[in-house]
Amino acid sequence: MLSSDEQQSSKTEKGRTMMFFQRKSAPQALRGGLLAAALLFAVAAAPATSAPAVEPGASHPGGGSASSFSGMASGRGANATDKAWSGAVYRGANFSSISAQWVVPTLSCDSSSFQSSYTWLGLGGWNQDKALEQLGTAQWCKSGKAYYGLFAEFWQNPPIAGDGGVYPGYPVSPGDTMTASVTKLANGQYRIKETSSRGWTYTKDGNAPGSYQGNLSAEVVHETPTESTGVADLPKSNDVNFSNIAYQADASASTTLIDMVDGSGNKRDLTTSTGSASINIKWLAH
């Protein structure tokens, strides 16, 4: 059953019907100015939805979801925790771009239940900035078999790709190297761009709906989707590493690492900074 703030929808794109679940609740809008000037910062990852692929016809909310973390702290100290997000968020500035690289994780599907995760980067989506421009890869287990695909979204719009089906023309396999970026353009739109080591490049310009600014934070995230009853099953995989992380902003931003926790508050991973611009997500339990 769907909760009262979710609705099932469908659309057809490139000859394929896509099923997704979209949240209907509308957070409070924020006002924010446009970037006056941008300075380039290579992010030395110190101390961070989308939700992963949705099984067609199953009660898994698709697409992104904004997040507000428990124990948010800057600089040194304990990592923040979240039931859906693991990774890093950069905040305290107006961001005009974020870029990073990662290797698609290899899933181990030991259950017949539907399990899913997303690996992505984006702008917006933290705390009160509920517009989120994001893209990356979706990984999911269905009937004990692993699947992989492109993920792209201007949340709270439904997913462009990554809804539990392989997106035509953009094959994804474990071990592929993905290089992605989200950039705010002069016309106010955002460009999401992803290049695969397989040779393809996906690019799309657009905006998240509503009056939210959409660039008050920047993120690199590995995520499991949330449901009205809690957190969906997270498929087992190898550790996830984001490298070559860089952002453009009008100020030096603060950074926070996030560990994913289960419904009882037990940590699923330990997120650490592993270099001048790298984040490692090491699994403790799935």
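Which strand does serine 196 lie in? Serine 196 belongs to strand E12, which spans residues 190–196. The model is predicted. In it, serine 196 has a relative accessible area of 6%. Buried means under 20%, so serine 196 is buried. Leaving aside residues up to four places away in sequence, serine 196 touches Asp176, Thr177 and Met178.

**Overall make-up**

The protein has 286 residues, and buried residues make up 53% of them. Its secondary structure comprises 21 strands and 0 helices. The accessible surface comes to about 11,100 Å². Carbon and sulfur atoms account for 48% of that surface.

**Nonpolar cores**

In soluble globular proteins, nonpolar side chains tend to be buried together. How many residues does the largest nonpolar core have here? The count is 48. Within this core, the residues with the most contacts are Tyr90, Phe95, Ile98, Leu121, Tyr202, Val220 and Ile245. Strand E18, residues 240–249, gives the most to this core, contributing 5 residues. A second core is separate and has 15 residues. Phe114, Trp126, Leu132 and Ile258 are included in this second core.

**Aromatic pairs**

With ring centres within 6.5 Å as the pairing rule, the count is 10 aromatic pairs. Two of the stacked ones are set out below.

| Pair | Centre to centre | Angle between planes | Class |
|---|---|---|---|
| Tryptophan 140 and tyrosine 147 | 5.9 Å | 15° | stacked |
| Tyrosine 167 and tyrosine 170 | 5.7 Å | 20° | stacked |

Planes under 30 degrees apart count as stacked. The planes of tryptophan 140 and tyrosine 147 are 15° apart, and this pair is stacked. Tyrosine 167 and tyrosine 170 have 20° between their planes and are stacked as well.

Which residues do ring pairs link into a cluster with Tyr167? The cluster consists of Tyr167, Tyr170, Trp200 and Tyr202.

Notes. Residues are numbered from 1 along each chain as its sequence is written. This is a predicted model: local features need pLDDT of at least 70, side-chain atom pairs count only at pLDDT 80 or more; totals for chains, interfaces and linings use all residues. Side-chain values use heavy atoms; hydrogens and water are left out. Rings of Phe, Tyr and Trp (its six-membered ring) pair if their centres lie within 6.5 Å; planes under 30 degrees apart count as stacked, over 60 as edge-to-face and the rest as tilted. A nonpolar core is a set of buried Ala, Val, Leu, Ile, Met, Phe, Trp, Tyr and Cys residues joined through side-chain atoms within 4.5 Å. Buried means under 20% relative accessible area, exposed over 50%, partly exposed in between (1.4 Å probe, protein chains only). Helices (H or I, at least four residues) and strands (E, at least two) are DSSP runs, numbered from the N terminus. Accessible areas come from the Shrake-Rupley method with a 1.4 Å probe; for residues, only the protein chains shown count as cover. Contact means heavy atoms within 4.5 Å.
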